[in-house]
Protein chains: 2
Amino acid sequence: MKHGIRVAGLLLALTFGVATTGVGKPVTVDQLLVNAPPQDWRSPDPDNTLYLEIPGGRVVIELAPRVAPAHVANIKLLVRAGYFNGLAIVRVQDNYVVQWDDRDHKRPIPTGVRPVAPEFTADRSAGRYFQTLPEHDVYAAEVGFLDGFPAGREPRSGNVWLAHCYGMVGVGRDDPPESDGTEMYAVIGNAPRQLDRNVTLVGRVLKGVELLSSLPRGSGEMGFYVGSEPPVPIASVHIAADVPAAERTPLEVLRTDSATFRTVLEQRRNRRESWFKFNPGHIELCNVPLPVRTPPARTQKR
Amino acid sequence: MKHGIRVAGLLLALTFGVATTGVGKPVTVDQLLVNAPPQDWRSPDPDNTLYLEIPGGRVVIELAPRVAPAHVANIKLLVRAGYFNGLAIVRVQDNYVVQWDDRDHKRPIPTGVRPVAPEFTADRSAGRYFQTLPEHDVYAAEVGFLDGFPAGREPRSGNVWLAHCYGMVGVGRDDPPESDGTEMYAVIGNAPRQLDRNVTLVGRVLKGVELLSSLPRGSGEMGFYVGSEPPVPIASVHIAADVPAAERTPLEVLRTDSATFRTVLEQRRNRRESWFKFNPGHIELCNVPLPVRTPPARTQKR
């Protein structure tokens, strides 16, 4: 009992899983990642990376301009106008979402920002970037990855869209469904996939999702903070490109079209560690690890 | 933008969803639950209900003696011997599990408690209580519910097992896989279904899961608390039957074999609210709500 579930966690913590490369001893996912060639990693575009500064620290969000260009453009205008600075996280609903916005809708909307049509699915031309995961899925005819984000695809129409996995970031909307990007949320629970194609997703938390998911839950309806529960202040939201290089958070994301990613995926699909007594043989879209790392010193640009 | 994602949350918060009963205006899930006849609710057996008392309050766990009789028997012996009192939550791993145990393994194991064989699947006779959900699943040939818990089933063998959905509670183990029940965990992230049939699940959190899921994440490997991070103390663990009636937490769980449950399920599968622009048409096992309520005053026994 010394290890117990520690062992399971260890295998799942992405730092100690094991795979096999052909015949022989299982290789840990940690080893796979350490041994990945530099070209298997990509640096997120600083012009499409957000830094959300909250009391617990910095939350880094990668935006998805190919899927939601109009919403991403709105968000960048809002950020560069300082719209989110001094606002707050107003809602934390357990097993669902964390939401930040101007609850009272008193703050003026910056020039150039207006409600835009939903971007529930990407432009048809994005389909060529879709990488298929062979697994079945309850909510989509096909699933896989698009620009490194978990995604769905409808083979008949060729439509692709992002999927509401843990850590995905979206834009709240009303009905009719136009939205201006002023209301944002991140998924902190079991993937609410019923929202796919119903809300515009704009990105994913690369680092710091635990700063959001560990916030106290609001006791109001749908997890809104009420009464004596103070909303969690947002010091600022910046675009990484606008932050001095020395103050940026260097990160690299494993390319989903890399050989290393395919090996990691296979390791997670077929568990060869002796701890696993039953081999799942499959993996669900939202359980696929999308590794992020601090680049090793030697590969850092500065 | 006044409602935005609030609307989505509202529909998902289980208190404001809408269904249709035949033709006509959608009915909210809240209304469905309020209008459910008393016989659609069940009171969990106090002899198989745990109260985990932590600084944030009481976490109520329903045990699954039909699926894991030996582990449940061990846990009840441990609880009645006061084994967990004064121990701590030692690990909080984001998007995965919260774990409590005697990290140093110094506490003597009470008489009668010994490592037992895994109960990854239930005894074959439990299959008759399995209720099928027609949806496909990535990890199991068949999914559904067993004694109100999310479950999987292999039609050829007739084996049934509990599924690692949000809030499910299990018993850590090492390899070889015997375990004595001294190390427990609860799922606080996207369902780690690869653990199904690999760890013995013993129950589900009925109330207070947010007290676990909002705990600070440990910064050690696999989310263990290290250094200056104090483990979260467990004042006590009791069996509800051993607690004076006035100090119990009255709860009722919607029966998964009730007409109301079937209507709630259908409401969540096919979304008829105007907010939903795309109807998912399906529901994944771990997204099925398993409603719990405080019984209305008129139906309380005392």
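# Briefing: a two-chain predicted model

At 1% relative accessibility, Phe84(B) falls under the 20% limit and therefore counts as buried. The structure is a predicted model, and it holds two copies, chain A and chain B, which superpose through a rotation of 180° with 0.0 Å of shift along the axis, at an RMSD of 0.0 Å. The two copies are thus related as by a two-fold rotation axis.

**Surroundings of Phe84(B)**

- Phe84(B) sits in the loop that runs between α3 (69–80) and β6 (88–92) of chain B.
- Beyond its neighbours within four places in sequence, Phe84(B) is in contact with Leu78(B), Val79(B), Trp100(B), Arg107(B), Gly181(B), Thr182(B), Met184(B), Ile234(B) and Val237(B).
- One of these contact partners is Arg107(B); the C-alpha atoms of Phe84(B) and Arg107(B) are separated by 9.4 Å, and the two residues are 23 residues apart along the chain.

**Contact between chain A and chain B**

- The same surface serves both copies, since 100% of the contact residues of chain A recur in chain B.
- Chain A contributes 71 residues to the contact, and chain B contributes 71 residues.
- The area buried between chain A and chain B is about 6,100 Å²; carbon and sulfur atoms give 58% of this area.
- How many salt bridges does the rule find across the interface of chain A and chain B? There are 2 salt bridges across this interface.
- Asp175(A) forms a salt bridge with Lys277(B), in which the closest N and O atoms are 2.7 Å apart.
- Across the interface of chain A and chain B, 26 residue pairs are in polar contact, with both residues at pLDDT 80 or more.
- On the side of chain A that touches chain B, α1 (5–12) and α4 (209–213) of chain A each supply at least two residues.
- Of the elements on that side of chain A, α1(A) gives the most, with 7 residues.
- By class, the side of chain A that touches chain B has 30 nonpolar, 20 polar and 21 charged residues.

**Cis peptide bonds**

- The peptide bond from Asp175(A) to Pro176(A) is cis, with omega near 10°. Asp175(A) is also the residue that forms a salt bridge with Lys277(B).
- Pro176(A) belongs to the loop between β12 (168–171) and β13 (184–187) of chain A.
- In chain B, Asp175(B) and Pro176(B) are joined by a cis peptide bond, for which omega is about 10°.
- Pro176(B) is found in the loop between β12 (168–171) and β13 (184–187) of chain B.

- Asn95(A) is not a glycine, yet has a positive phi of about 55°.
- The loop that holds Asn95(A) lies between β6 (88–92) and β7 (97–101) of chain A.
- With a relative accessible area of 24%, Asn95(A) is partly exposed, because this value lies between the 20% and 50% limits.
- Asp147(B), which is not a glycine either, has a positive phi of about 55°.
- Asp147(B) is placed in the loop between β9 (142–146) and β10 (149–154) of chain B.
- The relative accessible area of Asp147(B) is 29%, so this residue counts as partly exposed.

**Thr256(A)**

- Thr256(A) is located in the loop between β17 (252–254) and α5 (259–269) of chain A.
- Is Thr256(A) buried or exposed? Its relative accessible area is 10%, so Thr256(A) is buried.
- The side chains of Thr256(A) and Gln131(A) are joined by a polar contact of 2.7 Å.
- Leaving aside neighbours within four places in sequence, the residues in contact with Thr256(A) are Gln131(A), Phe145(A), Gly148(A), Phe261(A) and Leu290(A).

**Pro37(B)**

- A relative accessible area of 29% makes Pro37(B) partly exposed.
- Pro37(B) and Ser258(B) are 221 residues apart in sequence, while their C-alpha atoms are 9.5 Å apart in space.

Key:
Residues numbered from 1 in each chain as written. Chains lettered and ligands numbered in written order. Predicted model: local features only at pLDDT ≥ 70, side-chain atom pairs only at ≥ 80, totals over all residues. Heavy atoms only, no water. Helix = DSSP H or I, 4+ residues; strand = E, 2+ residues; numbered from the N terminus. Buried < 20%, exposed > 50% of the residue type's maximum accessible area, 1.4 Å probe, protein only. Contact = heavy atoms within 4.5 Å. Least-squares fit on C-alpha atoms with pLDDT ≥ 70 in both. Buried area = accessible area lost by both parts, 1.4 Å probe. Salt bridge = Lys/Arg side-chain N within 4 Å of Asp/Glu carboxyl O. Polar contact = N/O pair within 3.5 Å; in protein donor to acceptor, adjacent residues only side chain to side chain. Nonpolar A, V, L, I, M, F, W, Y, C, P; charged D, E, K, R; others polar.
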